[in-house]
Every structure is written in C-alpha cells, then in structure tokens.
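Keep the viewer open as you read.

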Amino acid sequence: MDTTRQQKINRLIQKELSEIFRKQTQQMRGVLVSVSTVRVSPDLGLAKVYLSIFPSEQGKELLDNIKTNVKALRFDLGQKVGKQLRVIPELSFYLDDSLDYLDNIDKLLGKDNKTEE
C-alpha cells in the first residue's frame, strides 16, 4: 500500500512525464505516448513508469528508444520538479499493454457471440 506521500509523488511524476512526452511526440505525426501509471518505491529512489503507446506496433521500438534516453528524461524531469523533490528518482520504463489485452478479449468475446447467434 502506497503512503500519501508516494501517491502525491506518483501523480506529480506522471503529470510531468506526460507533458514531456507530449512535447517530444508533437513532431512525430500519428504517435501518442501516454503515462498510464507511475509507482515510486518506498524510499523514493526508483520510479516504475508504465507507458501506453499508440500505435502499438511501434511500442517496442519507441520503448527501446525511451530506455536509451532515460538520462535525458530524468534530467528534464528534474528541471520541472526539482523544487518539489529533493531527490529525482531513477526511472525505469515498462510497456503497459493492458489496452491491447482488453482489445484482444473484446475480439475473442465478439467471435464467441457471433458463433452463438
């Protein structure tokens, strides 16, 4: 269970990283990177960031690109939240494929409904 402080930091990092990704993907037409969840460790030293990437076919490629530029992203985050946080947590990025999973379930359920009719 996250403490109130962890929850506040989660929301702050999610908001600021979302803004950073929005600005960076403006040049890339048709690409959307959104921060679905952020989970900060109890010592506030590590933040796990879950990204939802559209179109999902480019997800792996974009995630690899983001992981190679993690130091620059952490620096940009530090510029935005440096006044609120004493230590900027290390960032680790993961692909949030829950929307693809839900889409797959919908397809499977849709096929089952058609066979019953």
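Which residues does proline 89 touch, not counting residues up to four places away in sequence? They are Ile13, Leu44, Gly45, Leu46, Ala47 and Arg74, where a contact means heavy atoms within 4.5 Å.

Before going further, a word on the model. It is a predicted one, in which local features need pLDDT of at least 70 and side-chain atom pairs count only at pLDDT 80 or more, while totals for chains, interfaces and linings use all residues. Residues are numbered from 1 along each chain as its sequence is written, and side-chain values use heavy atoms, with hydrogens and water left out.

**The chain as a whole**

The protein chain has four helices and three strands, arranged from the N terminus as α-β-β-α-α-β-α. These elements are DSSP runs numbered from the N terminus: helices are H or I with at least four residues, and strands are E with at least two. The C-alpha trace spans about 60 × 40 × 20 Å along its principal axes. The radius of gyration is 17 Å, whereas a compact globule of 117 residues would come out near 13 Å; this radius is taken over C-alpha atoms, and the globule rule is 2.2 Å times the number of residues to the power 0.38.

Of the 117 residues, 31% count as buried. Buried means under 20% relative accessible area, exposed means over 50%, and partly exposed lies in between, with a 1.4 Å probe and protein chains only. Among contacts with a separation of 6 or more, 58% are between residues 24 or more positions apart.

**The hairpin**

Strand E1 (residues 32-40) and strand E2 (residues 46-54) pair in the antiparallel sense over eight bridges; a pairing calls for at least two bridges found by DSSP. Within this pair, threonine 37 stands opposite tyrosine 50 in E2. Five residues lie between the strands of the hairpin. Leucine 44 sits in that loop between E1 and E2 and has a positive phi of about 65° although it is not a glycine. Leucine 44 is partly exposed, because its relative accessible area is 23%.

Leucine 44 is also one of the residues that proline 89 touches. Proline 89 belongs to the loop between H3 and E3, and its C-alpha atom is separated by 7.9 Å from that of valine 40, 49 residues apart along the chain.

Glutamine 6 is part of helix H1 (residues 4-25).

| Residue | Where | Relative accessibility |
|---|---|---|
| Glutamine 6 | helix H1 | 5% |
| Leucine 17 | helix H1 | 0% |
| Serine 52 | strand E2 | 12% |
| Proline 89 | loop between H3 and E3 | 2% |

Leaving out residues up to four places away in sequence, leucine 17 touches Val35, Val49, Leu77, Leu91 and Phe93.

Proline 55 is found in the loop between E2 and H2. A cis peptide bond joins phenylalanine 54 to proline 55, with omega about 0°.

Which residues of helix H2 (residues 59-68) are buried? They are Gly59, Leu62, Leu63 and Ile66. Seen down the axis of H2, these buried residues fall within an arc of 100°, so they line one face of the helix; the arc is that of the directions from the helix axis to the C-beta atoms. An α-helix has 3.6 residues a turn, so residues three or four places apart point the same way. The buried residues of H2 pack against H1, E1, E2, helix H3 (70-81) and strand E3 (90-95). On the other side of H2, Lys60, Glu61 and Thr68 are exposed.
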